[in-house]
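Biologist: I am new to this one. Please show me the model, and then I will ask my questions.

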There are 4 protein chains.
Amino acid sequence: MSFPVGIVGFTGYSGAEAIRILSHHPDCEPVLLEHRADNAGAKLQKKSPVRRAPATAEGIRAAGIRAVLLATPPEVSMDLTPKFLEAGVIVIDLSGAFRLRTAARYKHWYKEEHTAAELLAEAVYGLPEYNRAQIAGARLISNPGCYPTAANLAIRPLVAAGIVDRAAGIICDAKSGVSGAGRKASLKTSFCEVTENFSAYSILNHRHVPEVLQTSGLEEKEFSFTAQLIPIDRGILETIYFRTLQPMTAAEIVAIYEKQYADEPFVRLYEAGNVPDLQAVRRTNFCDIGVIADPATQRCVVVSAIDNLVKGAAGQAVQNLNLTLGLPETAGLL
Amino acid sequence: MSFPVGIVGFTGYSGAEAIRILSHHPDCEPVLLEHRADNAGAKLQKKSPVRRAPATAEGIRAAGIRAVLLATPPEVSMDLTPKFLEAGVIVIDLSGAFRLRTAARYKHWYKEEHTAAELLAEAVYGLPEYNRAQIAGARLISNPGCYPTAANLAIRPLVAAGIVDRAAGIICDAKSGVSGAGRKASLKTSFCEVTENFSAYSILNHRHVPEVLQTSGLEEKEFSFTAQLIPIDRGILETIYFRTLQPMTAAEIVAIYEKQYADEPFVRLYEAGNVPDLQAVRRTNFCDIGVIADPATQRCVVVSAIDNLVKGAAGQAVQNLNLTLGLPETAGLL
Amino acid sequence: MSFPVGIVGFTGYSGAEAIRILSHHPDCEPVLLEHRADNAGAKLQKKSPVRRAPATAEGIRAAGIRAVLLATPPEVSMDLTPKFLEAGVIVIDLSGAFRLRTAARYKHWYKEEHTAAELLAEAVYGLPEYNRAQIAGARLISNPGCYPTAANLAIRPLVAAGIVDRAAGIICDAKSGVSGAGRKASLKTSFCEVTENFSAYSILNHRHVPEVLQTSGLEEKEFSFTAQLIPIDRGILETIYFRTLQPMTAAEIVAIYEKQYADEPFVRLYEAGNVPDLQAVRRTNFCDIGVIADPATQRCVVVSAIDNLVKGAAGQAVQNLNLTLGLPETAGLL
Amino acid sequence: MSFPVGIVGFTGYSGAEAIRILSHHPDCEPVLLEHRADNAGAKLQKKSPVRRAPATAEGIRAAGIRAVLLATPPEVSMDLTPKFLEAGVIVIDLSGAFRLRTAARYKHWYKEEHTAAELLAEAVYGLPEYNRAQIAGARLISNPGCYPTAANLAIRPLVAAGIVDRAAGIICDAKSGVSGAGRKASLKTSFCEVTENFSAYSILNHRHVPEVLQTSGLEEKEFSFTAQLIPIDRGILETIYFRTLQPMTAAEIVAIYEKQYADEPFVRLYEAGNVPDLQAVRRTNFCDIGVIADPATQRCVVVSAIDNLVKGAAGQAVQNLNLTLGLPETAGLL
């Protein structure tokens, strides 16, 4: 038994990763939903042909599709989501369209009107480690952004445990591979501009910031975020700085994470004093977290690492898909 | 005393390299000639302001310009060259517009009509190692292509010496850094498509082939050429294969090069059995050449390496500029 | 039912890749065989613990091991192979120890005495596309070198079909990612020496040449081979040049390959006029082959691409393992 | 008139960069001082022969040397410095041997005894922007570390101006190219371990921290520092976070820098709201600084960028050399 799962935007990096994962999934079959937004030929192997259908209500019905992953820009997601929901399929949207809770916040951060605001209240934020039950029963899942996934998994347990000196704030210095910028012709992401370089962008005003605030429990004035481009194709590493209210060892802080994530299949913790690098999570759905702390100065550094295309996009989308379809949460992801 | 030298197309990689070289030139001053073909902001340092003028006959007259480097696409070069020549300045064109000897060959390889064909007879091919005298007296110099520069400097002495088994042919397996594709937004040269990759293009039909045939002395059926993209920003390395008519050692072949290039400031020869890599020529105007040979099988491999933006473009253009202005040939280039 | 399969040399890149593949294999379980040759910590995930045992006859018996993969230097392979064969397990050796047919050839190319020469006659060369039946019944399989795998799969059908102008010879310009040099501290493979570089080595005398001669049907004087280092971690692309005895189109040459490889699960052919790049085969067990030809000049270029750690090492070893254990040839490899 | 300047450790990356800079210096001539610590062949061009001499008191006297750059490990610097000072030459040491003010601090951070502690009081910290006068008259100059150079130039004016909320502290998230680790065979800096990766090291306990504290005016508990490895060869970018005591705009903070650095030839400031990337400073002796600030939250981010081999090592050493020899400070560096 195999569930057909549609993918819109399959020519992009997240969409291609979704095809790759679903092609190895024991219970799902990827179906490419063709849409005008596909701006470049997908690199599909001839020997593993994948079914195709039009990205329309009729198309998905005819293909027997149960759920759709939207690896599309927000404006396309806002256009397609109502149509697909009406057609009776589950929608997992990888764009930012349904991540923020109000149309006003969307307009503030994304600089455009929300055209499907009536669905914002219904959309479930697809971070399984915190919203597992709601995801399982949802029609519309908003898949988290890549930066917020790594940030929230690292920050929320600390804030919840009440150990952070919030007056001093939490600083998240984030670095991403270039695929995070999407697959399109752009001088900014051209090889010669990126190689032998390292650059910061959207300092203090990245549109992923409100996602972190919504989930981590921090307030805006307590959180600084910088996004930076590493000359590699994939991976996000976030170096997170804060002070503890009381002197604490790294082991004590790791213990807080262990309590929170003991049963989580996709969060891996490092022994106190050790932190992950990007090769550790490359092409996996894991979020790896490590802690360094100096009780004398009450300073602490947490490093959180994911693959932006997997746990930061297509992998987490499949994790959410598994939950909605009642499949084992790890199916196709280990 | 400093000669003002205009640069059109200064936002591209070759143009930017020309600014860099001329900024350190003891006898020349770069002047940026502004043209609509400039599609992206040049990375100019505020602390080293460079003069600007319009890319018109009036503009170059008012700026007192003596010579112009055209780092522009062929169609822009064909448009500007007649106007600039009429204005009385020397033109050094870095495009392919004036490299082939007839309008018919141009149309065959560049797939468009030549719109300044009356200048083809006058244009001097700017490879100083072979055309020094003509370059010195020319009004219009056609700067060689990057691949042909490395190929011709390696192949011509061998053909001239009559040691090559031309029936078996010469094969040139060429590899280039990504800046050779120019500075523009393109999916093909985007970081994620190039990194962790290596790809061949224009196999057996690259438009640089006729340039090699014109200068090396080979005929079309005797020459195979493949261009390939290395995931680095700059540099061309060509691995050249042929058989000798008689058994020859690498030292004997190096001796042929030494005789030819004894007095050349920008050709460096390696001891027999050694070949250059790309770091050896990076950001220099040198062409490095090394030879490996097996007398028993009469097989020979020559490796030729340049920096595609320097000896393959802006550096060689300045070398030609020095010759036309009566300056020391190496001025600004060592 | 799961076969325990031992891996010696699991801290190297090929060994680590073997662990990765066997961890996902439906019918095998990797067991790490600890040996003094392991010079650096393996990057093993704590959450997927792998069994360990000593790399001795007793160790493999106690662990119930059926077959052993030796991802070790030749001298270690020559030492361990007789012991393991005597212990009754199948040995698949990834080193060059058993690839050449005589001790004299081994000494000539590997510059050391062969210390297990009595096994050379028995060793089967593990290229399934040509030796499937012998592999299935073998005790000792010599896994092919990475360069020869890509070369032989591309060249042998052409030589067998009698279309190559052997007097002019076949030239193989090969490029490899850095993992081909193994995992060890070395200035030559240090980041700053490799990045922004491209370099040739072992020109005309690479120790993989005799492997190509043994299998392709070419004679030494007919074959030129150059190995070159690309600044990427994995992948081999070979650009192969020859002349056809008669004018032939690319489609006619592709047809020769199609006849040979119609039923092969791991050879993929491209449409005439198209060639693979390295991203197409990255982290797969495929060998991709494409053809460009010019009937007018009878010149032909074939591009053959593999992942050096998969089809060029651990993947092909598992393919051979599947054959010897009577499992589906593609198990764990798609 | 040309001053002979000796370089010990010329096979390393900093030493090679010093040769490159001095070869183009109008008033100095590099002389390679041969020492047993040279562990790998320098990549010297045959066409630009450089003089050599033994790295001994006699050797430098015979060569007429006026000043010596030590691009050596601390233990070699502690051994050679007293001998060279006695021989009457100026010593500029690029190691950490003479950067800290006491032997106790040296032992604490470098984990070994200081063997030339009698010179610590005399050594002048070679950061020209703050110690110009002392440098000009010094016999022994301790060239600053790469990370501290970028950090101190960015942090000291802010602390001096009294605008930083020191209770909240300053966080410096630093990233460096791989050449910062020196030129030696090491698995950690091998290509396959670094490429497609990003990793943190020496979190909260890097030996460059005390250098920042000595010069910036911060106390230990006020400063967090993390070093991270970017997969590029050269460049350091530091993202520096703090809160202002009062609401301040980026322009107001840039004005503080402008006042401090108005006449500095090697500090470049960006317009408020803009920050440098690494290509901007590549192969230059500049330190580029940019500011982003949000008055509402009093959060501020400063980005400081240098080339670790130039302003972070050999370039700054030559800047110091110019000062001690009474040459123009920018000679050979623009």
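**Sheet, helices and chain contacts**

Modeller: Chain A has an open sheet of seven strands with parallel pairing, in the order β3-β2-β1-β4-β5-β7-β6. Strands pair if DSSP finds at least two bridges between them. Helices (H or I, at least four residues) and strands (E, at least two) are DSSP runs, numbered from the N terminus. This is a predicted model: local features need pLDDT of at least 70, side-chain atom pairs count only at pLDDT 80 or more, and totals for chains, interfaces and linings use all residues. Residues are numbered from 1 along each chain as its sequence is written, while chains are lettered from A and ligands numbered from 1 in the order in which they are written.

Biologist: What is the bridge partner of A:Leu70 in β5(A)?

Modeller: Strand β4 (residues 67-70) and strand β5 (residues 90-93) of chain A pair in the parallel sense over four bridges. In β5(A), the partner of A:Leu70 is A:Asp93.

Biologist: What angle does the direction of helix α1 of chain A make with that of β2(A)?

Modeller: Helix α1 (residues 13-23) of chain A packs on the sheet and touches β1 (3-8), β2 (28-34) and β4 of chain A. Contact means that C-beta atoms, placed from the backbone, lie within 7 Å. Axes are lines fitted to C-alpha atoms, for helices over the stretch in contact, and angles run from 0 to 180 degrees between N-to-C directions. The angle with β2(A) is about 150°.

Biologist: How many residues of helix α1 of chain D are buried?

Modeller: A residue is buried if 20 or more other C-beta atoms lie within 10 Å of its own, exposed if 12 or fewer, and partly exposed in between; C-beta atoms are placed from the backbone. The buried residues of α1(D) include D:Tyr13, D:Ile19 and D:Leu22. They pack against α7 (191-194) of chain C, and against β1 (3-8), β2 (28-34), β4 (67-70) and α10 (310-325) of chain D. Helix α1 (residues 13-23) of chain D is largely enclosed by the rest of the structure, because its buried residues number nine of the eleven.

Biologist: Are α6(A) and α9(A) roughly parallel or roughly perpendicular to each other?

Modeller: Helix α6 (residues 146-161) and helix α9 (residues 250-261) of chain A have axes 10 Å apart and pack at an angle of about 105°. Angles under 35 degrees count as roughly parallel, over 145 as roughly antiparallel, 65 to 115 as roughly perpendicular and the rest as oblique. Therefore α6(A) and α9(A) are roughly perpendicular.

Biologist: What relation does the rotation of chain D on chain A show?

Modeller: Copies are superposed by least squares on the C-alpha atoms of residues with pLDDT of at least 70 in both. A rotation of 180° with 0.0 Å of shift along its axis superposes chain D on chain A, at an RMSD of 0.0 Å. That is the relation of a two-fold axis.

Biologist: Which C-alpha of chain D is nearest the axis?

Modeller: The nearest C-alpha in chain D lies 2.4 Å from the axis. It belongs to D:Ala168.

Biologist: How many residues does chain A give to the contact with chain D?

Modeller: Chain D gives 35 residues to this contact. The same surface serves both copies, as 97% of the contact residues of chain D recur in chain A. From chain A come 34 residues.

Biologist: Which helix gives the most to the side of chain B that touches chain A?

Modeller: Here 16 residues of chain B are in contact with 16 residues of chain A. The top contributor gives three residues. That is helix α7 (residues 191-194) of chain B.

Methods
Two residues are in contact if their C-beta atoms, placed from the backbone, lie within 7 Å.
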